Amino acid sequence: MDVLWAGYSIEWSMAEVRLKYGAVSVVGNYRENNEDRFLVDSQSRYFLVADGMGGQSAGEKASELAVELISERLERSLRFERDDESQTVAVIDEAVSFANAEIMALGELDPNYHNMGTTIAFIISVGRLLYIGGVGDSRVYLLRQGKFEQLTKDHSLIQALLDAGTITPEEATTHRYRNVLYRYLGTKDGSAGTAPTRVEPKKGDRFVICSDGVTDGAKGDQISRILDAESDPHQAAEKIVQAALDGGSKDNVTCVVVNAE
């Protein structure tokens, strides 16, 4: 497996819970370049995954800008040690909105980056809580006491059709519009807010942040089984990425696994 970026396990104490992570990002079997980016704070206070679009350097630039600019705004404005829900959400949304505006501006100024965009998915630790959300179709999952659930909602045409009851989950897997997004960074709707979910981490929780390259080749039950069988977060991330490649993923593949211990 040709790994371009790999993050290794780091521990960060939060009350009685320690966060430990591992991460892997690869080009995959069908692409020539990697438009995914992930970024983990040196103290593991935040975890970001972005999946760029626009082709070649444009997608790479959009995802790079997203993780860099959002992390800078979080560092500047967020009080990580103390939770105030309204203030925390406002800071997160402002950080994402700022990145969105900068991506749009560069796309308008430089023809090489015209129409570029990116998704973003995040876990941010504030006080004793985790704020989890995103824009686009990169996802965050939680495995807790045997229950595996998706904590983010895709901003995709397929999800909208599923919500409306127009198509079935089975039809969604092969639908011709399954990769079409109606919200992502690089558009006006990218600044419409992230509506993060607040989660109090418990010992034994396993979180996954991933680009759609993972879910293009690995189903939820397969990811859950890997997490259940592999306790080390970096090894789990490697196996999830490999499962996606083996499952026929046609995109870049990025996975961050976070353990609450």
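**Figure 1. The outward face of helix 6 in the predicted model.** Arg 225, Asp 228 and Ala 229 are the exposed residues carried on the face of helix 6 that is turned away from its buried side. The structure shown here and in the views that follow is a predicted model.

**Figure 2. The buried face of helix 6 and its surroundings.** Helix 6 covers residues 220-229, and its buried residues are Ile 223, Ser 224, Ile 226 and Leu 227. When the helix is seen down its axis, these buried residues fall within an arc of 160 degrees, so they line one face of helix 6. The buried residues of helix 6 pack against both strands and helices. The strands are strand 9 (139-144), strand 10 (147-150), strand 12 (206-210) and strand 13 (253-260). The helices are helix 5 (212-215) and helix 7 (233-246).

**Figure 3. Leu 227, a buried residue of helix 6.** Leu 227 lies in helix 6. Its relative accessible area is 1%, and Leu 227 is therefore buried, the cut-off being under 20%. With residues up to four places away in sequence left out, Leu 227 touches Leu 143, Phe 148, Arg 206, Val 208, Ala 236, Ile 240 and Val 257. A separate distance places Leu 227 relative to Leu 78: the two residues are 149 residues apart along the chain, and their C-alpha atoms are separated by 31 Å.

Figure 4. Val 257 lies in strand 13, and strand 13 is one of the elements against which the buried residues of helix 6 pack. Val 257 counts as buried, at 0% relative accessibility. Leaving aside residues up to four places away in sequence, Val 257 touches Lys 20, Tyr 21 and Gly 22, as well as Arg 206, Phe 207 and Val 208. Further contacts of Val 257 are Leu 227, Pro 233, Ala 236, Ala 237 and Ile 240. Val 257 and Arg 206 are 51 residues apart along the chain, and 7.0 Å separates their C-alpha atoms.

**Figure 5. The loop between strand 4 and strand 5.** Ser 44 is placed in the loop between strand 4 (36-40) and strand 5 (46-53), and Ser 42 is found in the loop between strand 4 and strand 5 as well. Ser 44 has a phi near 55 degrees, a positive value in a residue other than glycine. Ser 44 counts as buried, at 0% relative accessibility, whereas Ser 42 is exposed, with a relative accessible area of 62%. From C-alpha to C-alpha, Ser 42 lies 26 Å from Asp 228, and the two are 186 residues apart in sequence. Asp 228 is one of the exposed residues on the face of helix 6 turned away from its buried side.

Figure 6. The loop between helix 4 (169-172) and strand 11 (197-199) contains Ala 195. Phi of Ala 195 is near 45 degrees, which is a positive value in a residue other than glycine. Ala 195 is exposed, and its relative accessible area is 69%.

**Figure 7. Gly 247 in the loop between helix 7 and strand 13.** Gly 247 has its place in the loop between helix 7 and strand 13, two elements against which the buried residues of helix 6 pack. At 44% relative accessibility, Gly 247 counts as partly exposed. Gly 247 and Asp 216 are 31 residues apart along the chain, and their C-alpha atoms are separated by 7.9 Å.

Figure 8. The chain contains seven helices and 13 strands. Its radius of gyration is 17 Å, close to the 18 Å given by the globule rule for 261 residues, so the chain is as compact as a globular protein of that length. Taken along the principal axes, the C-alpha atoms fill a box of roughly 50 × 40 × 40 Å. Of the 261 residues in the chain, 53% are buried. Among contacts between residues at least 6 apart in sequence, 68% join residues at least 24 apart. The accessible surface of the chain is about 11900 Å², and 45% of this surface belongs to carbon and sulfur atoms. The chain carries 27 positive and 41 negative side chains, and 4 Å separates the centres of the two sets.

Conventions. Residues numbered from 1 in each chain as written. Predicted model: local features only at pLDDT ≥ 70, side-chain atom pairs only at ≥ 80, totals over all residues. Heavy atoms only, no water. Buried < 20%, exposed > 50% of the residue type's maximum accessible area, 1.4 Å probe, protein only. Helix = DSSP H or I, 4+ residues; strand = E, 2+ residues; numbered from the N terminus. Arc of directions from axis to C-beta. Contact = heavy atoms within 4.5 Å. Rg over C-alpha atoms; globule rule 2.2 N^0.38 Å. Areas by Shrake-Rupley, 256 points an atom, 1.4 Å probe, with all protein chains shown as cover. Lys, Arg positive; Asp, Glu negative; His and termini not counted. Charge placed at Lys NZ, Arg CZ, Asp CG, Glu CD.
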